[in-house]
Amino acid sequence: MHLAAANEPDLSDPRLRSGLRRNGLPVPGRPEDPWIKRFLTSPMTWLIFAALVIEAICIVRMWFELVPDKKVPGGSVVGIGEDTVWLTLPYALITVIPLTLLFLWADRFRPQRFWVWLVTFGWGACVATYLSLHVNTWAAAHLSVAGDGDPATAPRAAVFVAPFVEEATKATILFFLAIAMRYRWVSTLSGITLAGLSASAFAFTENIIYYTRSVRLAYKYGVDESLLLQSTFFQRGVLTFFGHPLFTAMTGIGLAIALRTRSKLVRVLAPVTGFLAAALLHMLFNGVASAGLPEQALLIPLLFVAYPMVITLIVFTVRQFLAQRRLIGARLADYERMGWLNDTDVEYAPRPLTRIRVLWQALWGGRLLSTWMMQRALTELAYLRDSIARGLVDDAGLVREKQLLFRIRGLRERAIVAPLPRTVYPWQRRRRKAQLWSAPSYPGPAGLGGNYPASVPAAPGGVPLGSRATQYSAVDPRWKPPAP
């Protein structure tokens with residue numbers, strides 16, 4: 001049945017809303033309710049709020065446990081110091097900013113909401129580091145036999161405890177998001193992006209702790225603190241900056257595979273395998289770092305093991321990026337054959353650079369919101385079609401499909417789908433208006449190039465001249481071409 005002959009689904013029906021909720025599909029609020037009521041009654045709003053509160057509590061507690069000096073019986077324990085934190089913060093930002101932008105760029109076709117990115121980053125930076133700090137210290141105190149007084153420096157804790165603890169705390173938010181919003185995990189790119197954000201944030205906070213400790217050690221032993229800080233930054237922020245994102249990406253890939261398959265066995269084994277792979281890589285990395293090898297010897301596993309794995313992950317991500325582009329085009333082509341979409345939708349929607357160009361043109365044309373909503377609706381429709389084809393959703397997917405098609409049809413006249421030949425900026429439009437024709441300043445009838453009104457009679461009888469003339473002189477019937 002053609003879309004024009006169909007009716008938009010009535011989402012006020014409790015059965016339809018229950019079916020959407022059962023499949024993890026978005027359930028829109030009731031149109032008659034004000035937006036503030038829809039916002040406050042959304043479960044996702046309160047889940048995000050609870051996560052942000054937990055993250056704020058953890059970072060505040062970690063600050064007061066590590067930064068200021070604490071009085072203890074018989075003296076005081078020197079903290080890392082607030083001035084040292086601000087001194088080392090730029091070094092940590094040098095690493096985390098490019099990594100964060102890179103992972104956000106990878107999440108192009110079906111990007112998560114900003115609040116999801118924020119919660120994921122905050123969990124890695126606040127909750128995961130706080131829990132790992134306490135659990136690692138507690139476990140190291142039970143495992144260490146010899147050390148310099150700090151049980152956390154025992155190598156066995158770094159090899160046998162820290163990998164499992166840290167990967168579990170970083171991946172906890174991934175499992176929460178997979179349960180709360182499985183519909184938005186459309187590919188392995190979603191898993192890599194969220195895992196990379198959590199891991200980059202974890203490394204950010206961990207680097208600050210390591211950098212501040214190196215500065216404090218320099219103060220203690222009378223060493224130049226800038227040289228020791230730069231040396232620590234070069235080791236952690238340059239040579240091995242990829243560590244945590246590489247490890248946690250294994251868990252993210254495993255979760256994404258589990259969410260895009262119907263096999264119950266794969267749904268169980270894929271996340272477990274991904275987590276164990278992340279912990280094993282982390283264990284190998286810490287084992288090599290704790291072996292006490294000279295700096296030149298440490299370059300061998302980096303050059304021949306670690307860096308090739310990073311390159312492999314990059315190549316895998318690029319291949320997945322291209323695969324998702326082809327998938328969107330193929331799934332939208334199904335709707336084009338049914339006559340529900342135009343050929344321009346199928347041609348331009350899968351192209352990331354073209355989408356950016358169209359959004360740029362829509363920004364200056366006053367149609368940015370409609371164009372952005374159109375692109376999101378087309379992308380969601382393509383992935384929804386893929387979920388239906390895989391059998392990941394039941395008949396409720398058809399309800400959401402119909403809703404998206406009606407939304408696309410309503411946005412089509414207000415949005416830009418295909419790129420315009422050139423972008424017209426506001427100042428160019430003003431310049432065009434200023435260059436419109438103006439009357440010449442020399443005498444003569446306007447129709448012949450002068451500035452007199454065209455209606456001024458040029459001969460007895462009042463026959464007007466110029467382009468606005470409505471009467472013309474008769475043609476002489478005796479006129480003919482000259483004889484040869």
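Modeller: One term before we start: buried means under 20% relative accessible area, exposed means over 50%, and partly exposed is in between (1.4 Å probe, protein chains only). This is a predicted model, so local features need pLDDT of at least 70 and side-chain atom pairs count only at pLDDT 80 or more, while totals for chains, interfaces and linings use all residues. Residues are numbered from 1 along each chain as its sequence is written, and side-chain values use heavy atoms, with hydrogens and water left out.

Colleague: OK, then Arg351: buried or exposed, or partly exposed?

Modeller: Partly exposed, as its relative accessibility is 31%. Its side chain meets that of Glu347 in a salt bridge at 3.9 Å, N to O; the criterion is a side-chain nitrogen of Lys or Arg within 4 Å of a carboxyl oxygen of Asp or Glu. Glu347 is partly exposed too, with 38%.

Colleague: How many salt bridges does a search of the whole structure find?

Modeller: It finds 15. Take Lys170 and Glu167, whose closest N and O atoms are 2.8 Å apart. Both lie in helix α7, residues 162–180, three residues apart or about one turn. Helices here are DSSP runs (H or I, at least four residues), numbered from the N terminus.

Colleague: And is Lys170 buried or exposed?

Modeller: Buried, with a relative accessible area of 0%, and Glu167 also comes out buried at 0%.

Colleague: What do the side chains of Glu380 and Arg400 do?

Modeller: They meet in a salt bridge at 2.7 Å, N to O. Glu380 sits in α15 (368–390) and Arg400 in α16 (396–411), so this pair ties together parts 20 residues apart in sequence. Both residues are buried. There's also a network: salt bridges with shared partners join Arg260, Arg331, Asp334, Arg337, Arg385, Asp386 and Arg390.

Colleague: Switching to rings. How many aromatic pairs turn up in a search of the whole structure?

Modeller: The count is 14. Phe241 and Phe242 make one that is edge-to-face, 5.9 Å centre to centre with 80° between the planes. Rings of Phe, Tyr and Trp (its six-membered ring) pair if their centres lie within 6.5 Å; planes under 30 degrees apart are stacked, over 60 edge-to-face, and the rest tilted. Phe241 is partly exposed at 35%, whereas Phe242 is buried at 6%.

Colleague: Which residues form an aromatic cluster?

Modeller: Tyr91, Tyr211 and Phe233 form one.

Colleague: Now α10: how many residues, and what is its reach from first C-alpha to last?

Modeller: Helix α10 covers residues 243–259, so to speak 17 residues, and reaches 25 Å, close to the 24 Å expected at 1.5 Å a residue. That expected span is 1.5 Å times one less than the number of residues. α10 bends by about 25° at Ala249, the bend being the angle between axes fitted to the seven residues ending there and the seven starting there.

Colleague: Why is α10 called largely enclosed by the rest of the structure?

Modeller: Because 14 of its 17 residues are buried.

Colleague: Last one: which residues form the nonpolar patch on the surface?

Modeller: Trp35, Ile36, Phe39, Leu40, Trp46, Phe49, Val53 and Ile57, with about 840 Å² of accessible area together. That area is Shrake-Rupley with a 1.4 Å probe, and for residues only the protein chains shown count as cover. Patch residues have over 30% relative accessible area and no salt bridge; nonpolar side chains (Val, Leu, Ile, Met, Phe, Trp, Tyr) are joined within 5 Å, like charges within 9 Å. α2 (35–40) and α3 (43–66) each supply at least two of the patch residues. Trp35, in α2, counts as exposed at 61%.
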